[in-house]
Structures are given as structure tokens and as C-alpha cells.
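Hi,

Here is the structure I promised you. Have a look at it first, then read my notes below.

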Amino acid sequence: MGKVTGFMEYERLEEGYKPVPERLKHHKEFVVTLDDSQARLQAARCMDCGTPFCNSGCPVNNIIPDFNDLVYAGDWQNAIQVLHSTNNFPEFTGRICPAPCEAACTLYVNEDAVGIKSIEHAIIDKAWEQGWVLPQPPRHKTGRSVAVVGSGPAGMAAAQQLARAGHDVTVFEKNSRIGGLLRYGIPDFKMEKSHIDRRVAQMQAEGVVFQTSTLIGSLPDSLKITNDAHTVISAEALQARFDAVLLTGGAEQSRDLPVPGRDLDGIHFAMEFLPQQNKVNAGDQLKSQLRADGKHVIVIGGGDTGSDCVGTSTRHGALSVTQFELMPEPPEQENKPLVWPYWPLKLRTSSSHDEGAEKGILQREFAISTKAFKGDKGKLTGLTTVQVEVKDGKLVEIAGTEKEYQADLVLLAMGFVNPVAAVLDAFGVAKDGRGNAKASTDFTGGYATSVAKVFAAGDMRRGQSLVVWAIREGRQAARAVDEFLMGFSDLPR
Ligand SMILES: Cc1cc2nc3c(=O)[nH]c(=O)nc-3n(C[C@H](O)[C@H](O)[C@H](O)COP(=O)(O)OP(=O)(O)OC[C@H]3O[C@@H](n4cnc5c(N)ncnc54)[C@H](O)[C@@H]3O)c2cc1C
Ligand code: SF4
């Protein structure tokens, strides 16, 4: 423990944000990382409480008290070693993880939690700056080959672990760049893509081969998902060529809203809107871009994806942005004695919400359901809603609360129902009740699907989730594949 009385002496300090008018001029990151002395005092707040609930609250089980102690002692080089021992990509999680560890921090019982995520962010940024993040090529090669299908955080984490274990790893990605939703879902203002490129270079030096614009299996033409593939490889060909296959294709099937008027021009999935902006940021020349400039935008869906649509629409110059959430507005503060150390349900206000509010263009509506879209000559002009309430555990409409909203652009951000069935069907992999690849997370036999030598991990196995869960699953699946190939594994779980 760094400083015995640190938690009594120092207040929590949040990372800074650049001013709203400045950051709305671009799509780049705007968080100001803690400097060394700030990070040191924040780390000193860790009580080393004996039973580190933060460690089990973190899906990759980061060894948080240990890196806090090292940062307080100024030993940044060992701090990054501890962090990398459980997390392949702390620069991703240090930027975009919702930090369930902090909800589980013992100090959070009656004080502000230790700023674990901001300390993680400071450690990894310093490590890159100092040149401490280097390729770790394997000492011995096994002669075994693994195909990883999908290059999101699950596929990247698995590929890195498997290459370090000495296997020949090829990552296949249907899009033209690596990263999955990190690349084309999450806006640059939350995480710039140079962080992915740097890791790709590291992994290439460790022996990972990336084959982009390559679709494994097939996709229905009607599906509106990002697909830059110009090469197609069948599932059978892949199975014949590799000793094991790991499916990490994500859960790309967006939830739709099939109410009257859905076919009007002006209604799009969030995952049509957000990837286009990320491509433009990367310098791609698009034939046309779906933009929110001068429009009244309605975002249907109150989660992370919806919030990212708010931030992107505000940067485009939308006239107004209204975000709908079907569930009632949660309380601003959770009932801590009831929920700690678990992730609490409470009102969350993102930096994108702050921007919309400061510009005076954002309205957030709760307990609201969309009944129909309205249009003129095939073009969207608005929609009709009704308020809902929870009765006997079900959402029911409240009579007489119907309302009309004007809208030129509606973005559907209601989450993802499951992976694309065609990809799983191409391999003949059994699905669970929610349409995900069926595979357990058991220590023995985990991540194996119903098809011999085919494994699954990340959103494709667990359904839509978080980057930190994808990294955990990628690491654990890598161990399972290594054990399958070699009969044992030294990879950590
Ligand atoms: C807009 C948005 C914002 C989000 N914000 C956050 C956030 O702030 N914090 C957070 O923790 N999580 C966030 N998430 C969730 C997070 O991004 C996902 O949980 C995570 O990326 C899942 O990782 P994955 O590797 O399982 O799959 P994905 O990231 O979905 O990657 C799957 C990859 O597989 C490829 N693929 C699929 N099928 C094939 C095929 N047949 N052949 C070749 N390639 C294929 C896809 O093109 C894709 O690149 C967000 C999600 C979205 C959509
Ligand atoms: S990865 Fe997420 S949950 Fe784990 S320590 Fe970092 S911020 Fe916390």
C-alpha cells in the first residue's frame, strides 16, 4: 500500500476535458490525461483494502491495488508490466471502459471511488511514450496454425496470445481495417484509431498475419452492415487450411423498429451512420455520407451507441438532437448499500450529452415508445410517440400521452440482437437461445463450439457487451485453443 492515509488526504480528481466549443470543431479525442504527480496522488487513494472487490469487478481481473502501489512509488515500468499481465490493450480500456471496477471499489462505499480507469490510462500512455511497449515474439514456434475470424478486441486479444504461444495466427477481417467496433463503431472522439494501428504493428512483429477485406462464409445482401470484402473464403476451406478456427465476428445484427413508416427515406441504423464518419476521419472518399447537418435528429436508444450518435450529430451541426429511451429515467444516485459492489443502474450523462446540453440542442426523453414514422412523398418528416410505464413487470402505454415529433433523420440505436446467423451457419455451429454461438466458458472445454476444432468468443458468443469483456474472452479462448492444440497451456486465463 502506497500511502496509508492517502484516502483521507486526497480527493478524487477526474481527467480533464477540453472545452466544448473547441472539441466540437473536430472528431479527435479531448480527454486530458492525469499528469504524473496527479496520477500518483490518485493512486495513493487506494486503501489496499485486503479484499480487492475492484479486481473481481474488472472483467479482465486487473491487479489494481498492485499497479496503484507502483504508480504511487513512481515505478511506472513495473506498473505497466502488472497491467499488461491481465490486459493486452489497456489503452483501449483506459479510454472507453465504463469502469465496473470503480463501482466495486471499497472506498466507494462511502466516498468517491479511486479513479482506477484514469490511472490505467496514465500508465499505458506513459509506457507507449517511453517506448516500453515492445513486440514479444515467441521463443519457439509450434508449427500449429490458427485462423481468427473477426478483428475486434476479442479477435485481437486472442491472436496476440496465440502468437506469443508460438502458433501461426492469421486474422481474417471483412472490413478494410482492423479493429471491429473499436474501428468502425466507437467514434474517434472517444478513441482515436492510431491506438489500434500501433497494436497491429506490434502484433505483426510478433508474427500475426492480418488479412483484411476478406469475408469468411457469406452474408445476406439485404443486411446493412459494414462489409468491404473483395475476397470470400468458405468455412470449409478455412477449416481445411488451419488446425483450429476461432470465431470472433461480433454481434452485428442491429435491432430494428418495424413500426409503420419504417421504409421512409431518413431512417437508418446507428451502424450505418457511425462507421461512415470514422471512415471519413480516416481519409476515405465516400460516394456520399449520411450527415446530420441542419437536421432535426432523433436517436432511438438510450445506451452508448445512442450517445455516440448524439456526439457525432452535434459535431455535424444538427439543429436539434432528441434521444429516446424506452425505460423510465433511472435515479441520479444508486442505493449503494443495496447494490455495491455491483454495477448500479443510475442516470448516466456522457460527454456527448454534456456537449448537446451546452449547445442547447439536446433533449433526452425517457419512458417513450415510437408508434409510427411519418413522411411526405417517401421522405421522413417526423414520428408519433406514446409514454409508457412499468406495470406488473411489463411496459404498457399510457393512454392520452401520444405526441408528434419533427424529424429529418432518425438513428436506430437499440442495440444488437445477435451475431449474423449466416456466419455461424456457414460453420454449422449450434446457437444458444439468443442466437449466439453456443459455447461455455468452463475451464476445461470452454469456448469450444459444437463443431470440432471451431471455437467462439467475444460478442459472437456472449451477445453484445463491452470491449473489456471481449478482451477477457479473447484471452480465455486463446488458452482453450492452445490447450486443444498442444494438450496443455501456459497461457493465463
Ligand atoms: C457504437 C458503439 C459504441 C460502443 N461503445 C463502447 C464503449 O464505449 N465501451 C465499451 O466497452 N464497449 C463499447 N461498445 C461495445 C464494444 O465495441 C463491443 O462489445 C466489442 O467491440 C465486441 O468485440 P468483438 O471482438 O467481440 O466484436 P466486434 O468488435 O464486433 O468485431 C467483430 C469483427 O468481426 C468481423 N467479422 C464478422 N463476421 C465476419 C466474417 N464472416 N468474416 C470476416 N470478418 C468478420 C467484423 O467486421 C468485425 O470487424 C460499443 C459498441 C458500439 C456499436
Ligand atoms: S479494464 Fe475497465 S474494469 Fe478493468 S480496471 Fe480498467 S477501467 Fe476498470
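A polar contact here is a pair of N or O atoms within 3.5 Å; within protein, one must be able to donate a hydrogen and the other to accept it, and residues adjacent in sequence count only if both atoms are side-chain atoms. Keep in mind that this is a predicted model, where local features need pLDDT of at least 70, side-chain atom pairs count only at pLDDT 80 or more, and totals for chains, interfaces and linings use all residues. Residues are numbered from 1 along each chain as its sequence is written, chains are lettered from A and ligands numbered from 1 in the order in which they are written, and side-chain values use heavy atoms, leaving out hydrogens and water.

So, ligand 1. At Leu-181, a backbone N or O atom sits 2.9 Å from one of the ligand's oxygen atoms. A polar backbone atom of Asp-459 is 2.8 Å from an oxygen of ligand 1, and for Pro-153 that distance is 3.3 Å. The protein buries 97% of the 1000 Å² that ligand 1 exposes when taken alone (accessible areas by the Shrake-Rupley method with a 1.4 Å probe).

Where does ligand 1 lie? Domain 2 (145-253 + 417-486) and domain 3 (256-414) both give residues to the shell around ligand 1, so it lies between them (the bounds come from an automatic or database domain assignment).

The shell itself holds 17 nonpolar, 13 polar and seven charged residues. Here Ala, Val, Leu, Ile, Met, Phe, Trp, Tyr, Cys and Pro count as nonpolar, Asp, Glu, Lys and Arg as charged, and the others, Gly among them, as polar.

Cheers
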